[in-house]
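Please look through the structure below slowly, one element at a time, and follow the paragraphs with the model in view.

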Amino acid sequence: MDYILEMRNISKSFGDVHALRDVDFAVERNEVVGLLGDNGAGKSTLIKIVTGYYHPDSGEVYFNGKEVTDLSVANARKLGIETVYQERALAVQQSLWRNIFMGRELGNRYGFLDVNGMKTKTEKLMLGSMGFTSSAVAPESVVETFSGGEKQGVAIVRALYFDAELIILDEPTMGLSLSETRKLLNFVQDIKKAGKSAIFIDHNVFHVYSVADRVVVIDRGRVAGEFMTEDITLDELMNKMYQVAQTGHMD
Amino acid sequence: MTSQVEEKAPKPIPQKRSFRRSLTIFARRYGMQIGIFFVFLVIWSIFIIGAPKTFLSREIYAAFMSTIPFFAIMALPLTMVVIAGEMDLSFGSIMAVGMLMFVGVFQLTGSVALAAVFCLVAGFLAGLLNGAIVVLFGIPSLVATIGTQFFWRGVVLVVTGAKPASLVPIKGTFLHSGTVGRIAGYVPSQMIWTIVVAILVWVLLNRHRFGAHVYLTGDNEDSARLMGVNVDRTRMLVFALVGLAAAFAGLVASLEVNYFWVTLGEGYLLRTLAAVFLGGTSVFGGTGTVFGTFIACFIIGTIEAGVVAIGLTGFWTQLIYGLIIVVSVAMQAILRKRLA
């Protein structure tokens, strides 16, 4: 199998809480994997290990077939892993361009910033991908003033701008309107068309089912089951999810 | 480096931004700075009208340029600490620690240059220690620096036995003329240094990655971490820079009077902090400007002389300090909401 990401026997505890126990998880090249599970099932913990934010207590992470031992947020981004976080990870008092380039500002090797370059690129992204055609938004605009959907747009465009191999979307539809959600799901389909991979996390089974090639169900820190979406109907998936929530296993 | 994003997007016609909208963005960006500059102009005008003889003479400005730098040099980097969402109450004591090192090294080696270097390094390290305590132990900086403030003052008192040291032998050296000499017999060197520090801090904050990370850290620490900003290193460094500046300010203040008093720095705590907040830096972190702090230092620094010059007794000084600070900060809070 040609995996872009493979994780083996991942465990992670926070004090007495076993957030993940011996989890195996993989994403194939050009595959969209839906990650489903209840609140506190361990989805976000798993994701934050992929992005280098948490370090697993045990287990191995392979990216493009090579083991990665020093996974930090900066290293993960260098490898081509980009994330749209549930909490959006914006600094709302700062301008749009500072948010787009947060943590990887353009500049020279002495650390001096290319402010104009960042502003110009932000302007281009705004008009092109973010769909901010209104004259109310400028690269200098402070993100605090944006609507929920606009903020999400910033977080998504930021992930897509940098040439990502694997894009992780953690509860991206939270707080979005219907039309904004539709736009977002189209985005995920575009990722697939562009030959990239994605992990799509959501509470909403409908959203996940409609865009994912494969669904992985996580419950209480374990992988409870996985399905190809073409092999299972939405009703069956719903029933399975319900059963997992009740009993902790599929059958 | 990009990407599927730009290519597939249709090319929309960029709309011209309306004048009104540009004005809003401008006001939002510079509103606080314009506001504080306006306050400065008003107070200055009152002083000129109330005491024209004093405030239209050269001497008063020479005096301001000699004394304001003592705390302005610290207030500028302290602005970065506050923007990063932190607080430092220990810089007054670090001023004295730096000078303790200066006097010690000078007595040992007789080298002014070496003494100055050790003084600055001591300040930097003392500041770094503040940062380390905050980052490694997760102690709120307000608490940590109350602790180090007492500790460093204690070190100075124990080592010196509270005895002051004369710095008269430094007079006539390059260090003395380079830090507190008078340029063209009028402009105190420390004023030039204050401007240099202001420019350095401005460049760091606005044109360097470090400054970008200072704003991001103070705005939303979790977001900054998720996006790969090294929050801990940023924090440690802002404290270290205040320590460095405090040691330098202590050197300048001591050389100006040719004496190292063990109480050096004790009077600077509140007015330095006041300058940062009066300058529009948010106590919650994430926003603040070098220009605001710079102007606020001059507001704070001129009030005392101004109050006396317009014929009020010195007792009025603190009352007027308080009034200006409370009114200005309240104005800023309203302005911030309006511009949001």
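Predicted model: local features only at pLDDT ≥ 70, side-chain atom pairs only at ≥ 80, totals over all residues.

Is the crossing of H5(B) and H6(B) left-handed or right-handed? The crossing of these two helices, H5(B) and H6(B), is right-handed.

Two packed helices are described by the angle between their axes and the distance between the axes. For H5(B) and helix H6 of chain B, which covers residues 112-137, the axes cross at roughly 145° and come within 8 Å. On the side of H5(B), the contact is made by B:Ile94, B:Gly98, B:Met99, B:Met101, B:Phe102, B:Val105, B:Phe106 and B:Thr109, while the residues that H6(B) brings to this contact include B:Val112, B:Leu114, B:Phe118, B:Cys119 and B:Asn130. Sorted by class, the contact of H5(B) with H6(B) holds 14 nonpolar and five polar residues, and no charged residues.

H5(B), residues 91-109, also packs against helix H7 of chain B, residues 141-160, at an angle of about 35° and with the axes 8 Å apart. The crossing of H5(B) and H7(B) is left-handed. In this contact B:Gly92, B:Ser93, B:Ile94, B:Ala96, B:Val97 and B:Leu100 of H5(B) meet residues of H7(B), among them B:Gln149, B:Trp152, B:Arg153 and B:Val159. The classes found in the contact of H5(B) with H7(B) are eight nonpolar, four polar and one charged residues. B:Ile94 can be found both in the contact of H5(B) with H7(B) and in that of H5(B) with H6(B).

Another helix of chain B is H12(B), which runs over residues 231-257 and has 27 residues. From its first C-alpha to its last, H12(B) reaches 40 Å, close to the 39 Å expected at 1.5 Å a residue. Of the 27 residues in H12(B), 19 are buried, so that the helix is mostly covered. The residue that follows H12(B) is B:Asn258, and its phi is positive, near 60°.

We now turn to chain A and begin with a helix there. How far apart are the end C-alpha atoms of helix H5 of chain A, residues 148-161? They are 20 Å apart, and this agrees with expectation, because 14 residues at 1.5 Å a residue should span 20 Å. H5(A) is also mostly covered, with 11 of its 14 residues buried, including A:Gly149, A:Gln152, A:Val157, A:Arg158 and A:Tyr161.

Strand E3 of chain A, residues 32-36, is largely enclosed by the rest of the structure, because five of its five residues are buried. A:Val32, A:Gly34 and A:Leu36 point one way from E3(A), whereas A:Val33 and A:Leu35 point the other way. E3(A) runs parallel to strand E8 of chain A, residues 197-201, and four bridges join the two, with A:Val32 standing opposite A:Ala198 in E8(A). Four bridges likewise join E3(A) to strand E9 of chain A, residues 214-219, and these strands also run parallel; here the bridge partner of A:Gly34 is A:Val215 in E9(A).

Chain A also has an open sheet of four strands with antiparallel pairing, in the order E2-E1-E4-E5. The edge strands are E2, residues 17-28, and E5, residues 66-67, each of which pairs on one side only. Within the sheet, E1(A) and E4(A) are joined in the antiparallel sense over five bridges, and A:Met7 has A:Val61 in E4(A) as its bridge partner. E4(A), residues 58-63, pairs with E5(A) over two bridges, again in the antiparallel sense: A:Tyr62 stands opposite A:Glu67, and A:Phe63 stands opposite A:Lys66. E4(A) and E5(A) form a hairpin with two residues between them, and in the turn A:Asn64 has a positive phi of about 55°. Helix H1 of chain A, residues 43-50, lies across E1 and E2 of chain A and runs at about 120° to E1(A).

The last stop is a loop residue, A:Thr173, found between strand E7 and helix H6 of chain A. Is A:Thr173 buried or exposed? Its relative accessibility is 9%, and because buried means under 20%, A:Thr173 counts as buried. Leaving aside residues up to four places away in sequence, A:Thr173 touches A:Thr181, A:Leu184, A:Asp202 and A:His207.

Conventions. Residues numbered from 1 in each chain as written. Chains lettered and ligands numbered in written order. Heavy atoms only, no water. Expected span 1.5 Å × (residues − 1). Buried < 20%, exposed > 50% of the residue type's maximum accessible area, 1.4 Å probe, protein only. Pairing = 2+ DSSP bridges. Contact = heavy atoms within 4.5 Å. Axes fitted to C-alpha atoms, helices over the stretch in contact; angles between N-to-C directions. Left-handed = near helix turned anticlockwise from the far one by under 90°. Nonpolar A, V, L, I, M, F, W, Y, C, P; charged D, E, K, R; others polar.
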